[in-house]
Each structure stands twice: as C-alpha cells, then as structure tokens.
Amino acid sequence: MYTQGLDSLGKEALHNSKADTATLEARFQATVDADEKIEPKDWMPDAYRQTLIRQISQHAHSEIVGMLPEGNWITRAPSLKRKAVLIAKVQDEGGHGMYLYSAAETLGVSRDQLQQQLLSGAAKYSSIFNYPTPTWADVGAIGWLVDGAAIMNQIPICRCSFGPYARAMVRVCREESFHQRQGFEIMMMLAQGTPEQQRMAQDALNRWWWPSLMMFGPSDGQSRHTAQSMKWKIKRFTNDELRQKFVDTTVPQAEYLGLKMPDPDLKWDPQSGHYNFGVIDWSEFQAVLKGNGPCNRERLEARRKAHDDGAWVREAAMAHAEKQRARQTQAA
C-alpha cells in the first residue's frame with residue numbers, strides 16, 4: 001500500500017539540487033527530533049535510507065530464516081494441539097517477513113533484490129537462527145528467550161522515525177508476545193514434568209541463553225551504527241541497555257521455572273538495581289556471523305531449495321497477472 005507513487009521519490013531533492021544540502025538535513029533532523037514520522041516520499045539523507053534498508057531487510061530475512069528451526073518440529077510436536085499452535089506461529093513469522101519486505105520496498109529497493117542478497121549469502125540475518133533444535137525443549141526456549149529478546153528489541157521500533165517500519169512493528173510485536181508466552185508455557189510444562197523433562201528444559205536454557213544475549217548486537221563500544229541510528233531515532237535504546245533490560249526481566253522468570261542460569265557470574269546488584277552477568281564470548285558471535293555457525297549452510301541451503309521449488313508458483317502468478325492486464329486493456 002505504500003509503494004504507490006514511489007516514482008516521485010527524490011523529486012524534491014532534484015528540484016532543490018542547487019539548494020543548500022545542510023538546510024534539507026537540518027529540516028529532516030528537526031522532523032525526527034519532534035518525533036514526527038518520516039514517510040517514503042519525504043526527503044531523507046541517503047545514509048538514513050541505506051541504514052533503514054540494511055536494518056529492515058536483515059529483520060525480514062531473520063523472520064523468514066527463523067521459520068526453519070521450529071518448522072522441522074511441526075510433524076514431531078508431542079500433541080495435535082502443539083502442532084496446531086506451532087503451525088500458527090511459523091505462519092506468523094512468514095507474515096512478519098512479508099510486512100517488513102513491504103516496508104523496505106518503500107525505500108526504493110525491490111523484494112527480488114532483497115531475496116537475491118539473502119540467497120547469495122551477501123545479506124545478514126540474526127545469528128540466533130544458525131543454532132540447532134535437537135529437542136522439543138528448544139521450541140520452548142526459542143519462544144521464551146529468542147522471541148523474548150526480539151520483543152525487547154522491537155517494541156521501541158514501534159516508535160521508529162520511519163513511518164512504514166514503525167507501523168509494521170505494531171502488529172509484529174503483538175503477535176510476538178503470544179509466541180513468547182507459548183514458549184514460556186512449554187518450558188513451564190517441562191520444568192514441572194519428569195526428571196528427564198526437567199533436564200531437557202535445563203539443557204535448552206544452557207544452550208540458548210548466551211546466543212540470546214548476543215541477539216542485541218555487539219557491545220556499545222564496538223557497535224558501528226548505534227550512535228547514528230539513535231540520533232535518527234531508528235533506535236531508541238543502545239544494545240547494552242536492551243541487553244540489560246532483557247537479563248533483568250528473564251532471570252526472575254527462570255527462577256520461577258526452577259531453572260538455573262548457565263552463568264556463574266550472574267548476581268543481583270542492589271546498588272545498581274540490575275543483575276550483573278558474565279562476559280559474552282563475542283568470538284562465537286563473529287564466527288556465526290561469518291557463516292561458521294552450526295547450521296549456517298543448512299539454513300541457506302533450505303532457503304535456496306524453497307526458492308527454487310517455488311519458481312513455478314511465481315511464474316504462474318506472473319502469467320495470471322499478465323492475463324488480467326491483457327483483459328483490462330481489451331475491455332478499455
């Protein structure tokens with residue numbers, strides 16, 4: 001719905017080609033500072049546009065690739081109810097990817113371009129989805145921890161300065177909240193179950209805790225994009241602020257479940273009012289980002305196969321659209 005009229009993108013900049021660029025940038029920043037939305041037809045710095053394309057496309061890719069770790073559990077879920085709920089969740093994630101691709105398209109990049117970047121390995125997606133899911137407890141841990149971290153990241157984006165991204169995130173966050181509750185409920189059932197189920201829940205927590213903390217990105221001192229993104233109000237909080245909030249929220253939940261956090265350095269600090277936690281192994285994070293995670297190749301191969309297998313659907317849709325256009329032309 002936002003793509004109509006995108007041919008007018010940049011006309012103001014063209015008209016003002018002799019104007020002082022600093023004036024346009026000052027007006028843009030004043031709009032951002034006033035918490036008003038930047039819309040696709042508005043003038044924006046090219047760096048702002050490129051930053052949004054990078055962030056929104058990575059977010060969209062993550063939603064699509066994120067369907068894979070849980071999707072392979074649909075046929076193996078322990079009950080019909082669990083199957084139905086998991087199908088709904090995976091379907092939601094696919095929808096989130098479509099919302100986000102649509103938001104990215106308003107910035108002048110095509111969905112085909114974004115897809116090719118993903119399939120070629122040129123584009124990044126969240127490193128968390130390159131870890132395996134060997135047990136049913138992993139489905140619970142993903143909902144509780146991964147979706148919980150995603151919500152912590154995404155709720156502030158509902159107030160992002162770019163209108164289409166902010167509006168897409170409102171629905172995404174509502175649906176993610178159900179996913180997080182579903183995951184917590186699975187973990188609670190396991191934690192209250194047999195000793196074997198309790199061990200399964202603890203093992204999943206042990207494996208997913210640190211990758212979940214890495215989801216917020218590198219520490220503030222190492223982040224190349226945070227300062228500028230916060231100035232433009234694409235981001236509202238720094239990586240470390242969001243990570244700390246996630247830890248403070250999640251540790252009491254683990255205690256309620258009767259599970260032990262896999263961090264010997266984790267300790268409540270009454271002076272700061274926060275939990276202190278151990279040092280994150282950023283070398284693992286960088287290795288996974290570079291394509292050397294446990295499931296990087298498997299995930300991309302699955303996406304490429306799905307893309308190739310769906311070629312006939314895309315071709316049929318294009319043929320149908322062309323037939324409809326021909327009919328409309330004849331009728332006119």
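The axes of helix H3 and helix H5 (residues 80-105) come within 8 Å and cross at roughly 160°. This is a predicted model. The two helices are therefore roughly antiparallel to each other, since angles over 145 degrees fall in that class. H3 passes H5 in a left-handed crossing.

**Helix H3 and its neighbours**

From H3, the contact with H5 draws on Ile56, His59, Ala60, His61, Glu63 and Ile64. H5 answers with Glu93, Gly94, His96, Gly97, Met98, Leu100, Tyr101, Ala103 and Ala104. By class, eight of these residues are nonpolar, five are polar and two are charged.

H3 spans residues 46-65 and also packs against helix H8, residues 163-191. Here the axes come within 13 Å and cross at roughly 25°. H3 and H8 are therefore roughly parallel to each other, as the angle is under 35 degrees. The crossing of H3 over H8 is left-handed. On the H3 side, Leu52, Gln55, Ile56, His59 and Glu63 make the contact. On the H8 side, the residues are Tyr165, Met169, Val172 and Glu176. The contact of H3 with H8 has five nonpolar, two polar and two charged residues.

**Salt bridges**

Side chains of opposite charge can pair when their charged atoms come close. The model has 14 salt bridges. Three of them are set out here.

| Pair | Closest N and O atoms | Relative accessibility |
|---|---|---|
| Lys233 and Asp35 | 3.1 Å | Lys233 17%, Asp35 45% |
| Glu298 and Arg299 | 3.4 Å | Glu298 44%, Arg299 4% |
| Glu322 and Arg325 | 2.7 Å | Glu322 44%, Arg325 42% |

What does the pair of Lys233 and Asp35 tie together? Lys233 lies in the loop between helix H10 (226-231) and helix H11 (239-257). Asp35 sits in the loop between helix H2 (21-33) and H3. The bridge therefore ties together parts that are 198 residues apart in sequence. Lys233 is buried, with a relative accessible area of 17%. Asp35, at 45%, counts as partly exposed.

The backbone of both partners also deserves a look. Phi of Asp35 is near 60°, a positive value in a residue other than glycine. Lys233 likewise has a positive phi, about 60°, although it is not a glycine.

Glu298 is partly exposed at 44% relative accessibility. Arg299 is buried at 4%.

Glu322 counts as partly exposed at 44%, and Arg325 counts as partly exposed at 42%. Elsewhere, salt bridges that share partners join Asp35, Lys233 and Arg236 into one network.

**Two further charged residues**

Is Glu70 buried or exposed? At 2% relative accessibility, Glu70 counts as buried, because the cut-off for buried is under 20%. Glu70 lies in helix H4, residues 67-71. Leaving aside residues up to four places away in sequence, Glu70 touches Leu86, Lys89, Val90, Val139 and Ile142.

Arg181 is a residue of helix H8, the helix whose axis comes within 13 Å of that of H3. At 53% relative accessibility, Arg181 counts as exposed, because exposed means over 50%. Which separation holds between the C-alpha atoms of Arg181 and Gly148? They are separated by 8.8 Å, and the two residues are 33 residues apart along the chain.

Notes. Residues numbered from 1 in each chain as written. Predicted model: local features only at pLDDT ≥ 70, side-chain atom pairs only at ≥ 80, totals over all residues. Heavy atoms only, no water. Axes fitted to C-alpha atoms, helices over the stretch in contact; angles between N-to-C directions. Helix = DSSP H or I, 4+ residues; strand = E, 2+ residues; numbered from the N terminus. Parallel < 35°, antiparallel > 145°, perpendicular 65-115°, else oblique. Left-handed = near helix turned anticlockwise from the far one by under 90°. Contact = heavy atoms within 4.5 Å. Nonpolar A, V, L, I, M, F, W, Y, C, P; charged D, E, K, R; others polar. Salt bridge = Lys/Arg side-chain N within 4 Å of Asp/Glu carboxyl O. Buried < 20%, exposed > 50% of the residue type's maximum accessible area, 1.4 Å probe, protein only.
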